[in-house]
Amino acid sequence: MAIQDAPKEGDQYLTLQLGDEHYGVEILRVREIIGLLDITRLPEVPSFVRGVVNLRGKIIPVIDLRMRLGMPALTYDERTCVVVLDLKSEAESGFSQVGCIVDTVNEVRHIALEAIEPPDCLGGTRSEDFIHGLAKLPESGLVVSLLDIDSLLSIALLGSADTTLKEQAAEAV
Amino acid sequence: MGMQSVHIDPSGNPQSRAHMELQPLVDQIAKAIAFVDEAAAADLEVLRHQFVELRAAAAEDGLTGVSDSCDLGIEAVSELMGEPEEPSPWIALLGEIAGYASQVMDALDLELPPDSVPLPQVQQEAPASESEVAPEEAPDIDPELIEMFVGSSGDNVNELEECFLAMEAADDAASQEEHFGQIKRSLHTIKGECGVIPLPGAQVLCHHAEDLFGRFLEAGAPLPIPLLLELTDWLGAYIAQLADGDWTTVPENGELLAKLQACMPADCPDESPLFEEHDFDGGSNIAFPKAVLEDDVRSDFITEARQHLDVCEAAIRELEKRPEDPEQISVIFRAFHTLAGMAGYLNLDPVVKLAGAVETMVDQLRRGETACDKRRLELLRSSCDMMGALTGILEGHEGPEETAYAQLVASLELAISGAGVEPVAEEKAPVHEVPEVDTEESVARPRGAWRKLGEILTDQGLVSAKIVAVMLDRQKSVKGKPLGAMLVDSGLLSQGEIDAALRIQEEEKALANRHEVAPEQTPCPKDPEAAREPAVRKPRVASTIKVNTGRLDSLVDLVGELVIAQQMVYQDPVLGNLASERLSRNLAHVAKITRDMHEAAMSLRMVTLKPTFQKMARLVRDVSVKAGKQVELVLNGEDTELDRNVVEEISDPMVHLIRNAIDHGIETPDVRQVVGKRPTGRLELRAFHQGGSIVIEIVDDGAGLSRERILAKAAEQGLLPKDTDPADLPDAQVWELIFQPGFSTAAVVSDISGRGVGMDVVRRNLEKMRGKVEIVSSAGEGSVFSLRLPLTLAIIDGMIVRVGAQRYVLPTLSIEQSFRPAAEQLHEVMNKGELVKVRDMLLPIHRVRDLFGQDDGICNVQEGILIVLEDNGQRCCLMVDEILGQQQVVIKSLGEAAGLLRGISGGAILGDGRIALIVDVDGLVTRTSKAVA
């Protein structure tokens, strides 16, 4: 199973939604999609780290993607899912799992390389570190932000400071 | 000469005519080449003539390929006539030409076009039979062979290094000899394996090392250990490279090769030829020291000895009729026992040795450990004869031949050790088609402990005895040319076959030599048991199998999940309600099996510290040499076992601490003498279990940590706590300072240590594994660095507690006591909050809900439960809502989130599937005690 850093030639992506915003994640990094499980809280972690869950005997942390991206949180409902992603890590297998709470999951689709543009146009409130491209879907005109999971979700790098990106952006301004 | 196509005369001249004419010519040439003595000009001249003839005939028949190759042949012959330094390529070429010509004949026979046979090529450079820098590896190496090689040779190389280091340190001849044997075997095995795969680059190095080894052994000179260590380093690097998947490049070995070839013991003769014909020293006889011969006691000995021997011979005759008659066996035993005693008293060493050997063998018979077979009877008889001959020396006759004596003793010892099996050779035998030494065969020949090369080849059917005889004949005129080389050069055998035969010979030699080298029997009339030193090596460890670690890990993981799943079933309330005794029994049974399985799986991951310690031994040697210090290394507890993962992680911290100890701790010999210490410093590595943890201590008797220097440096770097007077700081806290990143008191940054990146990394690595570093040091006397680690990373015995909706696990080992406080025990003190009085201690109470940011949970102390945790002398008191129970839990990592958590070291999945957080007691206790202070 080849894990690539940046999409080549076009790749398959899983598209998901947070409110009206569409995001895409490389399908090869998606381990599974599950419904919400019982979450055990963790002390002294950033607020977007909701806690840990027991995934068939393995304990993995879950992150609320909305909160991570600085959007207002929503109450979870029956459509809320958790996307379990493979993050690059120092673990022996090279990957560790993190669950990502999203509003809804849409589809798996191919996105051609040509359709992807670099994210320079963004600027402003969103950090460019974790969006590695913007894709325009030809049939609907929708713009899907392609997420760089490793930089977005690597909790270890964040330290214990409770920052969301909105705050970071606010500080920067 | 390139490939050329051969044109057959289209006029259709029947090939059969060419064939008939040429065939005898070709045959003649082939025979001549086989037997050519390239130093004899006459032979060469004849050959040349034959080539000319063949060339003409072939050209006539349009077989240009053959005629062109005759040109080559003539060229080769001319070269040989000029007596080149390296005749072998030319000889090889001649062989090829002969082969080619024969093949062309065969092709014609089968009516195939002669140009289907590939032409011989001139070799431009000398073949690498004696060692130049090796060419690149053949591209089609079997990956499985490489894998096996990497696995087993890694161990061999480690053993080699161990032996070299031990030889360097050892003084006595006995252990030296043992090491020699081991070194020889290991080198030989590695070389053999290299040959099989093939890895010529390594093989040639090993070969020269073996040669060097032989030279030094013969000369009795001490080995050049640094050079040999270079070799093991090279091998180690090469193996690592192979393990990484790089099979094509060979690390630079030219310099090492040259050194190995050139290194001579001072008084050693020139390098021995590639193949040696070994033979016993013929001719000298056993003799006794003069003093004995003049002793009057000898006449008594003679009489008694003769008597005993007569008795023995009678007994042997009886045994032949009835082999298992215990009475006769006892008779023989008593006889030789007495003989050994008497001879010992007179210091007749050869007699003692022989009698002792016979005694051992007969003892085995007596105790029923072996059977009295024909061979043993024969040996007994020979022994009696030999004993008689030895006695004869005392009577003034000439003693028996040394060779005969040695052979007999060797045979006896083979019989004692039971079929002469070489456990080491068996285990390390490389995979190749050549049959191993047929040990039964070699034992069944008590005379001649090993076969000559010619014999081996004949026995294998590779060559006829006649040819061997011819070759040996020729050998006499060509001085010094080894039989094997001659056979190869003549094209009769391949180098590989010769090598294989030589390997067999080596093994046979090793078997025989091993027994000859066994230490002398100490004469001791009263107690021959003690005098008898076993010639057998220490038995090896139980057989092992190599397993892919990935598989092992996934097995362990699965077993861990099984434990959890089983617990979930076991604790399911529905099952509890069923009240079936049978069901309960079965569930309990499943639980037990699961527990056992878990233990077994856990133990799979346990390895000893031995390899790590050995690595350190090498390190100590290198570092002490570099630092100009003399260090004696003492190892203790290397058999202590740890989880494999822990062992890997602990290596780097240990390296760092040892380097520090030698570099900064232990003083130079001069300084040490000035302060009254032995010039050689002592470094001890100690490992042992202590209360659920494993402790590794690095103890040195050096100068200890310098309080002043540390404080000064800390002040310089602004690391001192602001409001405390440095003089007030207890030692423990001063030592803590060195763990700050960037801290180093080394005045000179050597390339060994002193850059200040070490100690904080050491501590971090240890804490990653829930371990600790502790320092105890005393100025002028030395330091002790203790590394403390959990025995296994995976399981913990814990108490499950509830606070609000959250569950926590407290490691049982850290719990001192738990209780519901009575009102009288509680006190409130201004500025210090709530305190509880426990056994004369006043401890502040910390609510878990506050520590871990929960907003649910009991507030009133009197409604909750207090738990006193203890860690290394420090205590803290926690308040929880309820204690749920005690059980073993499997520690699960919290994944990416783990790095963020203070006070939590992991997670555990409880029976109902929910997650409990495992409290990091050490962190917690430290945190809370700091808060109080």
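Tutor: Helices (H or I, at least four residues) and strands (E, at least two) are DSSP runs, numbered from the N terminus. In this predicted model, chain B has 33 helices and 18 strands, while chain A has three helices and 11 strands. Residues are numbered from 1 along each chain as its sequence is written, chains are lettered from A and ligands numbered from 1 in the order in which they are written. Local features need pLDDT of at least 70, side-chain atom pairs count only at pLDDT 80 or more, totals for chains, interfaces and linings use all residues, and side-chain values use heavy atoms, with hydrogens and water left out.

Student: What confidence does chain A average?

Tutor: The pLDDT is the predictor's confidence in each residue, from 0 to 100. Chain A averages 79, and 76% of its residues score at least 70. Over residues 159-173 of chain A the pLDDT is below 50, although this stretch has 17 contacts (heavy atoms within 4.5 Å) in the model beyond near neighbours in sequence.

Student: In which order do the strands of the open sheet in chain A stand?

Tutor: Two strands pair if DSSP finds at least two bridges between them. The open sheet of five strands in chain A has the order β3-β6-β7-β5-β4, with mixed pairing. Its edges are β3 (30-35) and β4 (49-55) of chain A, each with a single partner strand, so one side of each lacks a neighbour in the sheet. Direction ignored, neighbouring strands of this sheet are turned by 30° against each other on average, where axes are lines fitted to C-alpha atoms, for helices over the stretch in contact, and angles run from 0 to 180 degrees between N-to-C directions.

Student: In what sense do β6 and β7 of chain A pair?

Tutor: Strand β6 (residues 81-88) and strand β7 (residues 95-102) of chain A pair in the antiparallel sense over eight bridges; V82(A), for instance, has I101(A) in β7(A) as its bridge partner.

Student: Is C100(A) buried or exposed?

Tutor: Buried means under 20% relative accessible area, exposed over 50%, and partly exposed in between (1.4 Å probe, protein chains only). C100(A) is buried, with a relative accessible area of 4%, and C81(A) counts as buried at 14%. Of the 173 residues of chain A, 49% count as buried, and of the 933 residues of chain B, 46% do.
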